[in-house]
Each structure stands twice: as structure tokens, then as C-alpha cells.
Amino acid sequence: VGAQLGNKGMMSELNLTPLIDIVLVVLIIMMVNIPIQIERMLIKLPSNVEVENREEVPTDQLVVAIYEKQPGEEDNVIALNRRRMTEEQLFFQVTRRLRSMENKNVFIDGAPAVVYGRMVDIMDLAREAGANKVGLARLKPTGPLPPNSVEPGAMERGMLLGSPTVVGVMSVETADKGLKPALGSMEACYFKELSAFSDLSGRIMLRITVAPDGSLMRVKVASNSLESEKAVPAVQEGQPLTGGPAVEACILSKAESLKYEPIGAGNTAIVQYPILFSPG
Amino acid sequence: MADINVTPLIDVVLVLLVVFMVITPMLQSGLPVDLPKASQTTTVNDVGQHIVVSVSVSEECKTFPCPKPAQWWVEQERVEFDDSGKAVAGDLLQQINFSFRANPERTVLIKADARLAYHQVREVMDVLAENGMTSIFVSAAKEE
């Protein structure tokens, strides 16, 4: 009734002071609590005890060498166990060989003059390929031993699944088992596009979030590096996809029908699969 | 009708905002350096669990990798250097030991500038490794 008495000053004013007090206190609490986050990567350094100087790398070890950039070169030369290869081939080889290894260790041997950012790139690549431990080899003033072969590492024709990385409650075996039913049809996705783009190669990172009952919460392609020398037409609305994007879409559709073993109430897991494609 | 006077409120909030913006970059551990990019990193909340060793490039450098000796820092303290500007390994150790004594649970995190040469960063790592710190973390910026 009071509010209807008219505009002659009887309107009661809202007291804002307590509200402002609370808002300011909340603001200060939030300021104190801002989580400062750090991105970090664990690396292993050689200790004093083990002094090794070998000409040949044991076959069960992976040593990635990065050589100093020579004038006129576009990028540093890299080699795996003294075999020279491109970064894409390196990823393929490391992924393939780590899969069958029990201790997934990769050693990185850099020349002293390599730019540090490039070193971290390769450490990152090794982790992406599934390495559990990344170690740095002892620094030699002359750099790593030169590559003893210039032929690039051979790749087989077809699709290759690397070691999955799991965040959350799930074993790598379960993660592998979960994807298995779809592997055949995923490879078919690739072969279909390979008939049109005969040199289509690269890798797809498939990221799957698994719900407690083993069903899929989210299926996503985190990265797709499939490329062909033959120009892949740009994606157009209404037109069917071709090349890399087509493989990606096809793989996503195949992944959607997957079912994992239940991982227990309240748990979720994110699994990332590196999947490599090579025309051989 | 009496309006609420919001001017003081806005004043206070804006001042807080400015203070906040100025302080936030200072809150990160170690020195702000141009970190290398990586995608396979783990994200952790920084609650002082690291002894942060920063390796930064000399300010005079315009081309990279820089021929000038790198500067070493433990937390916010610059490591002592000799006449040629080279950091003294003994002082680095002393400062790290000092940090360890305060909290033995801490691990070493290296924040090194992406533009340094590998041997400049490795020099720090070797001092650490020789003294038993063979598992360390390197810091990177998240690459999506």
C-alpha cells in the first residue's frame, strides 16, 4: 500500500550496504584463491654413476638424436637410433616400437647448439608417442653420433595404433581392449580415402572420455595431421568430405558405438589414442 | 527520489581490479620467461611445491640462440655471477640447498627460455644431476 501512495518520497529505499560488503568480501576471497597453474613435464637426467659411451644403441633402447642446424637447412636433422628421419616418421617409429616395450623410455640426445625450444618439442613428441619416461642423454661437446643411415625409416601401409595415454581410473589394457572392436572399420575409413589420395598420411589423436558405466561421454579428435600432396578440396557445406577431414569424420562415427568395461561409480577416464596412417 | 550513490563503490571495485591485475603476474613462481610450448604437459596448481630455477636470456640479445651467458635465478634471487657474466654453479647449489632446508619435500622445476641454446640449459641440469637431483621438472606453456 505504501508504494502506491505516490511519488512524494514515501518510497522505501533498498539498503545496499550489506550486499556490497558481501560482494567485496567474496571478491577478496576469490583473489586470494586464484590458482596459479604450472605446466610441467618430468625429465630424467643421467647420474654420475652410469658412464656409457657406446657406438651402437642397444636394440631395446630408443635414442632420438637432434643435430645442430647447418646453414641452408630448414630444420634440425633428427635421427632415431642413428637412422635419419623426418619428424612424422620419427613419431611413427617411436610409437610403433614403444608399443611392444615394457619400459617405455625414450632418450634424447641433443647437440649443444640446438635451440632449447626445439629440444622441448622433441620431448613433447616422445611423450605424445607414448613414452612414460623421457631421459636426456649425457651432453657431448661434439653432439650426438652422426646418423649412419640416410634412408628414412620404412612405414607399412595401413593404420597403426600407438600406446594410449590414460588420465583417470583405467588401465592401458582396458583402454586398448575398448577400442579394439572399431580398429578394422577405422582402417577401412583410411583405405577408402587412400584410393582418392594415394599419399594421404599423418596422424589423428582420438580422445575419448569414458563414463563410470563404460559408455562414452565424449568422443573428440584432438588433432588431425592427415595431409596429401594432392590438394584436398576445402570443406564446403552440403558437399561430402574428402581426404583428412573425411577420415576424421568416419573415425568419429565408428568410435561412437564403442563400449568400455565399467570403471566403477564416480570414476571417469580420458583416453587419448595416437592413430597413425601411412600409405606405405 | 534519492538515487543510490554508486560512485564510491565503483571507485573501490576499480582500485581492487587494478591492484589485482598488477599483482597476478607477480604471483607466478620464478621469473617470467618465454617458455617453450608443449602439449603433453601435466597441469598442477602452484602451491610452492617447486624450487623454481629460472634460466633467462641476456637482455642485450637480439638474435637467438644468444651467445651471451644465460642468467640463472633461484625463485626470485639471481645467482651470483663472475666477471664474464657467467653464473657460479656453487652459488646455485647453495641457494637450492637453502630452499631445500626450508622444505625438503620440494622438487626442482626449471623454467628456461625457449630461445636459449640447449647447452645453456643443460649446464644448470648438470649441476643438479651431479648433486643427485636426477628427476626434475621442466616448465612449458600449454599448446592446444
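## Two chains and the interface between them

The side chains of Glu39(A) and Lys142(B) meet in a salt bridge, with 4.0 Å from N to O; the term stands for a side-chain nitrogen of Lys or Arg within 4 Å of a carboxyl oxygen of Asp or Glu. Across the interface of chain B and chain A, the rule finds one salt bridge.

This is a predicted model, in which local features need pLDDT of at least 70 and side-chain atom pairs count only at pLDDT 80 or more, while totals for chains, interfaces and linings use all residues. Residues are numbered from 1 along each chain as its sequence is written, chains are lettered from A and ligands numbered from 1 in the order in which they are written, and side-chain values use heavy atoms, with hydrogens and water left out.

### The two chains

The table sets out how each chain is built; helices (H or I, at least four residues) and strands (E, at least two) are DSSP runs, numbered from the N terminus, and buried means under 20% relative accessible area, exposed over 50%, and partly exposed in between (1.4 Å probe, protein chains only).

| Chain | Secondary structure | Buried residues |
|---|---|---|
| Chain A | five helices and 11 strands | 41% of the 280 residues |
| Chain B | three helices and eight strands | 43% of the 144 residues |

Along its sequence, chain B follows the pattern α-β-β-β-β-β-α-β-α-β-β. Contact means heavy atoms within 4.5 Å, and among contacts in chain B between residues at least 6 apart in sequence, 62% join residues at least 24 apart; for chain A, the corresponding share is 77%.

### The interface

In this model, 47 residues of chain B are in contact with 41 residues of chain A. The area buried between the two chains, that is, the accessible area (1.4 Å probe) that two parts lose on being put together, summed over both, is about 4200 Å², and carbon and sulfur atoms give 66% of it. On the side of chain B, Gln40(B), Tyr118(B) and Val138(B) lose the most area to chain A, together 18% of what that side buries.

The rule also finds 20 residue pairs in polar contact across the interface, both residues being at pLDDT 80 or more; a polar contact is a pair of N or O atoms within 3.5 Å, where within protein one must be able to donate a hydrogen and the other to accept it, and residues adjacent in sequence count only if both atoms are side-chain atoms. Several elements of chain B each supply at least two residues to the side that touches chain A, among them α1 (7–27), β6 (107–112) and β7 (135–139), and α3(B) gives the most, with seven residues.

Strands also pair across the interface, where pairing requires that DSSP finds at least two bridges between two strands. Strand β1 (residues 37–44) of chain A and β2(B) run antiparallel and are joined by four bridges, with Val44(B) as the bridge partner of Ile38(A).

### An enclosed strand in chain B

Strand β3 (residues 50–56) of chain B is largely enclosed by the rest of the structure, because seven of its seven residues are buried. In a regular strand the side chains alternate between the two faces of the sheet. Both faces of β3(B) are covered, with His50(B), Val52(B), Ser54(B) and Ser56(B) buried on one side and Ile51(B), Val53(B) and Val55(B) buried on the other.

Six bridges join β3(B) to β6(B) in a parallel arrangement, and the partner of Val52(B) in β6(B) is Leu109(B). With strand β4 (residues 71–74) of chain B, β3(B) pairs in the antiparallel sense over four bridges, and here Val55(B) stands opposite Trp72(B).
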